[in-house]
Number of protein chains: 4
Amino acid sequence: MADSIEDLQCALDTFVDERDWAQFHTPKNLAMSVAIEAAEIMEHFQWSTGEASYTLTPEKHAEIAHEIADVLLYLMRLARTLDIDIIAAARDKLAINREKYPIEKIKGRATKYTDLD
Amino acid sequence: MADSIEDLQCALDTFVDERDWAQFHTPKNLAMSVAIEAAEIMEHFQWSTGEASYTLTPEKHAEIAHEIADVLLYLMRLARTLDIDIIAAARDKLAINREKYPIEKIKGRATKYTDLD
Amino acid sequence: MADSIEDLQCALDTFVDERDWAQFHTPKNLAMSVAIEAAEIMEHFQWSTGEASYTLTPEKHAEIAHEIADVLLYLMRLARTLDIDIIAAARDKLAINREKYPIEKIKGRATKYTDLD
Amino acid sequence: MADSIEDLQCALDTFVDERDWAQFHTPKNLAMSVAIEAAEIMEHFQWSTGEASYTLTPEKHAEIAHEIADVLLYLMRLARTLDIDIIAAARDKLAINREKYPIEKIKGRATKYTDLD
């Protein structure tokens, strides 16, 4: 069985190559693009409360799915230009976070690790 | 062969559950978190030119890999709380983009589809 | 009586000139900088609810004041490089918003103008 | 002579009061709004180089002026809800920056103060 994120990476690379867009995809521009799309996700939750943010019309839900997709696609492009394995990096970071936020100290608290005693 | 992003999703869910953090992970808060981490990626490219943004010290490279990981992890959490399949959404969006940006019209141009004639 | 924002603009221009930093202050870089600092404000409210976001320790309050200041300073630099009068632009935009959001239609609703019937 | 930013603050407060929008303007929501509008500024510079970002059509220039205005207006609302004097905060922060970035060490360099030797 093929790995779904690798398939997606291939399809994305082809999409970019066919349009000759790699020239615009500097790491700097892609970092901006990730942030721009992230803000578009936020726009959907701008005036709602935390609780209300779970309740979405099907249209809103579909729109948000596409904004999330945009962030992921630019993030994968960015990782590609810097030769970063995005899944390995995330696994790595999760291991670091496990150390930074030990269960017995942090359970049920949204405290930043720098504020832990 | 297991799918790497599914494995990561499982590990991430366990990480959150063990810390009882789902209560803080409203879609609204997660959308903010994605944007905050996206800005931390940008910070590494704030003053560089596009060309210079490819050239990174190993330390910078590692730091950026971790910031990219942070965006991915929050993005996966957000997708989870809204029951969105992030890979399917990205595949979907890519199909839409293929239509919006036909190769023969867009090749080599960074024009927005709304500006295409 | 001098105008306080003009004084601030002068002091800011001097600060930049003395450090020979105008070379880094392209509109593109300054736009990124505004967004980076905006995310640093958000970080202070990442996990709080809307109501809780009013209640800040004096230290937090001071930190947020400085992040707000950073956004303003970069925003003023950006406006300067593009020869935009920031106060006039805001007055202008407010007039446009008065038209877009007529009191009788919008009162008490956080609806986007495109969704108004 | 009246101070232009105080006039603007008054006009903005009236605009919000007339629409009964203070209820939506929690510091958290306003911090998100500043970031969302900051991203809209960035969008105008997403694919341009630093040098090219100075050259704008009159239409683009006007659009960017309005996005800058949006950031300023939300920033002023945020400062208001937290009882922060935005100009005083900026003057303060500039004084701190003068200390952090001594001219003789930093002139012509875009180095972060933490990286100064």
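**Figure 1. Contact between chain C and chain B in the predicted model.** Chain C and chain B bury about 1,400 Å² between them, with 66% of that area on carbon and sulfur atoms. On the chain C side, C:Ile36, C:Gln46 and C:Trp47 lose the most area to chain B and together account for 41% of what that side buries. The contact draws 16 residues from chain C and 16 residues from chain B. The model is a predicted one.

Figure 2. C:Asn29 counts as buried because its relative accessibility is 6%. Residues of chain B that C:Asn29 touches are B:Gln46, B:Trp47 and B:Ser48; A:Lys28 and C:Phe24 are also touched, when residues up to four places away in sequence are not counted. C:Arg91 stands 62 residues from C:Asn29 in sequence, and the two C-alpha atoms are 25 Å apart in space.

Figure 3. A search of the whole structure finds one cavity of 30 Å³ or more. The volume of the largest cavity is about 90 Å³. Two or more residues are given to the lining of this cavity by each of the following elements: α2 (27-43) of chain A, α2 (27-43) of chain B, α2 (27-43) of chain C and α2 (27-43) of chain D. The lining comprises 14 residues, and those nearest the centre of the cavity are A:Ala35, A:Ala39, B:Ala35, C:Ala35 and D:Ala35. By class, the lining has 14 nonpolar residues, no polar residues and no charged residues.

**Figure 4. Helix α2 of chain D.** Of the 17 residues of α2(D), 15 are buried, so the helix is largely enclosed by the rest of the structure. At 1.5 Å a residue, α2(D) should span 24 Å, and the 25 Å between its end C-alpha atoms agrees with this expectation.

**Figure 5. D:Gln46, in the loop between α2 and α3 (58-81) of chain D**. D:Gln46 is buried, because its relative accessible area is 8%, and the cut-off for a buried residue is under 20%. Leaving out residues up to four places away in sequence, D:Gln46 touches A:Asn29, A:Met32, A:Ser33, A:Ile36 and A:Tyr74 of chain A, as well as C:Lys28 of chain C.

**Figure 6. D:Phe24, in the loop between α1 (4-19) and α2 of chain D**. With a relative accessible area of 17%, D:Phe24 is buried. Apart from neighbours within four places in sequence, D:Phe24 is in contact with C:Gly108, C:Arg109 and C:Ala110 of chain C, with A:Trp47 of chain A, and with D:Asn29 of its own chain.

**Figure 7. Helix α1 of chain B and its packing.** Helix α1 of chain B covers residues 4-19; its 16 residues should span 22 Å at 1.5 Å a residue, and the end C-alpha atoms, 23 Å apart, agree with that value. The buried residues of α1(B) are B:Ser4, B:Ile5, B:Leu8, B:Gln9, B:Leu12, B:Asp13, B:Phe15, B:Val16 and B:Arg19. In an α-helix there are 3.6 residues a turn, so residues three or four places apart point the same way. In chain A, the buried residues of α1(B) pack against α1 (4-19), α4 (86-100) and α5 (103-106); in chain B, they pack against α3 (58-81) and α4 (86-100). The helix is followed by B:Asp20, which has a positive phi near 60 degrees.

**Figure 8. A:Asp20 and C:Asp20 in their loops.** A:Asp20 is found in the loop between α1 and α2 of chain A, and C:Asp20 in the loop between α1 (4-19) and α2 of chain C. Most residues other than glycine have a negative phi. The phi of A:Asp20 is positive, near 60 degrees, and that of C:Asp20 is likewise positive and near 60 degrees. A:Asp20 is partly exposed, with a relative accessible area of 39%; C:Asp20 is partly exposed as well, at 37%.

**Figure 9. A:Ile68 in helix α3 (residues 58-81) of chain A**. A:Ile68 counts as buried, because its relative accessibility is 0%. Neighbours within four places in sequence aside, A:Ile68 is in contact with A:Ile41 of chain A and with B:Leu75, B:Leu78, B:Ala79, B:Ile84 and B:Ile86 of chain B. A:Phe24 lies 44 residues away from A:Ile68 along the chain, with 21 Å between the two C-alpha atoms.

How values were computed. Residues numbered from 1 in each chain as written. Chains lettered and ligands numbered in written order. Predicted model: local features only at pLDDT ≥ 70, side-chain atom pairs only at ≥ 80, totals over all residues. Heavy atoms only, no water. Helix = DSSP H or I, 4+ residues; strand = E, 2+ residues; numbered from the N terminus. Expected span 1.5 Å × (residues − 1). Buried < 20%, exposed > 50% of the residue type's maximum accessible area, 1.4 Å probe, protein only. Contact = heavy atoms within 4.5 Å. 1 Å grid on protein atoms, 1.4 Å probe; cavity = no way out; pocket = protein on both sides within 12 Å on 5 of 7 lines; lining within 4 Å. Points joined across faces, edges and corners; volume = space filled by probe spheres on them. Nonpolar A, V, L, I, M, F, W, Y, C, P; charged D, E, K, R; others polar. Buried area = accessible area lost by both parts, 1.4 Å probe.
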